[in-house]
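Below is a colleague's note on a single model. Please read it with the coordinates open.

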Amino acid sequence: MLLLPRAVRIHLATEPVDMRKSIDGLFVHLQRVLAADAYSGHLFVFVSKRRDKVKVLAWDGGGFLLLYKRLEAGRFRMPNVADDATSVQLDSTQLAMLLDGIDVSRVRRPARWQPPGQSAEAQGTSARR
């Protein structure tokens, strides 16, 4: 299980990427296609055309970190995304499931717990203040 601070965002590129690209190639792709700040400290996830390989690019303050995973059997399951989206934001749990080959789009989250006596409307209004 990956444990990341909530401030770290995880961006999954929706279009396949050539896995021959290394840090520099992914950096250029990140700036041109995703129009994102590579130095933000967020994680950027790229999947191959056959969806059997994934690379994760991140800046750690002193240099770039590149994580690579190849599945020996099966394919990475992409979440549902809008047709015009260049990337989709994931949380650390979804990234862990993606890296394990779990179909994120079929997983349902349970309803969030609410303290007794508070309705969803009351929590929604207090969160907007």
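The points below go from the basis of the model to its fold, its sheet and its helices.

1. Basis. This is a predicted model, in which local features need pLDDT of at least 70 and side-chain atom pairs count only at pLDDT 80 or more, while totals for chains, interfaces and linings use all residues. Residues are numbered from 1 along each chain as its sequence is written, and side-chain values use heavy atoms, with hydrogens and water left out.

2. Overall content. The protein chain holds 3 helices and 5 strands; helices (H or I, at least four residues) and strands (E, at least two) are DSSP runs, numbered from the N terminus. Along the sequence the pattern is β-α-β-β-β-β-α-α.

3. Burial and surface. Of the 129 residues, 30% are buried, meaning under 20% relative accessible area with a 1.4 Å probe, where over 50% is exposed, in between is partly exposed, and protein chains only are considered. The accessible surface of the protein chain is about 8900 Å², with 50% belonging to carbon and sulfur atoms; areas come from the Shrake-Rupley method with a 1.4 Å probe.

4. Contacts. Contact means heavy atoms within 4.5 Å. Among contacts between residues at least 6 apart in sequence, 57% join residues at least 24 apart.

5. Sheet. The 5 strands form an open sheet with mixed pairing and the order β4-β3-β2-β1-β5; two strands pair if DSSP finds at least two bridges between them. β4 and β5 stand at the edges with a single partner strand each, so one side of each has no neighbour in the sheet. Neighbouring strands are turned by 20° against each other on average, direction ignored. Axes are lines fitted to C-alpha atoms, for helices over the stretch in contact, and angles run from 0 to 180 degrees between N-to-C directions.

6. β3 and β4 are antiparallel over 7 bridges. Within this pairing, K53 stands opposite R70 in β4.

7. Helices on the sheet. Helix α1 (residues 23-32) packs on the sheet and touches β2, β3 and β4, its direction making about 80° with that of β3. α2 also packs on the sheet, touching β1, β2, β3, β4 and β5, and its direction makes about 110° with that of β5.

8. Helix α2. Because 6 of the 8 residues of α2 (residues 92-99) are buried, this helix is largely enclosed by the rest of the structure. The buried residues are S92, L95, A96, M97, L98 and L99. At the start of α2, a side-chain oxygen of D91 reaches to within 3.1 Å of the backbone nitrogen of T93. G101, which follows α2, has a positive phi near 85°.

Conventions:
Polar contact = N/O pair within 3.5 Å; in protein donor to acceptor, adjacent residues only side chain to side chain.
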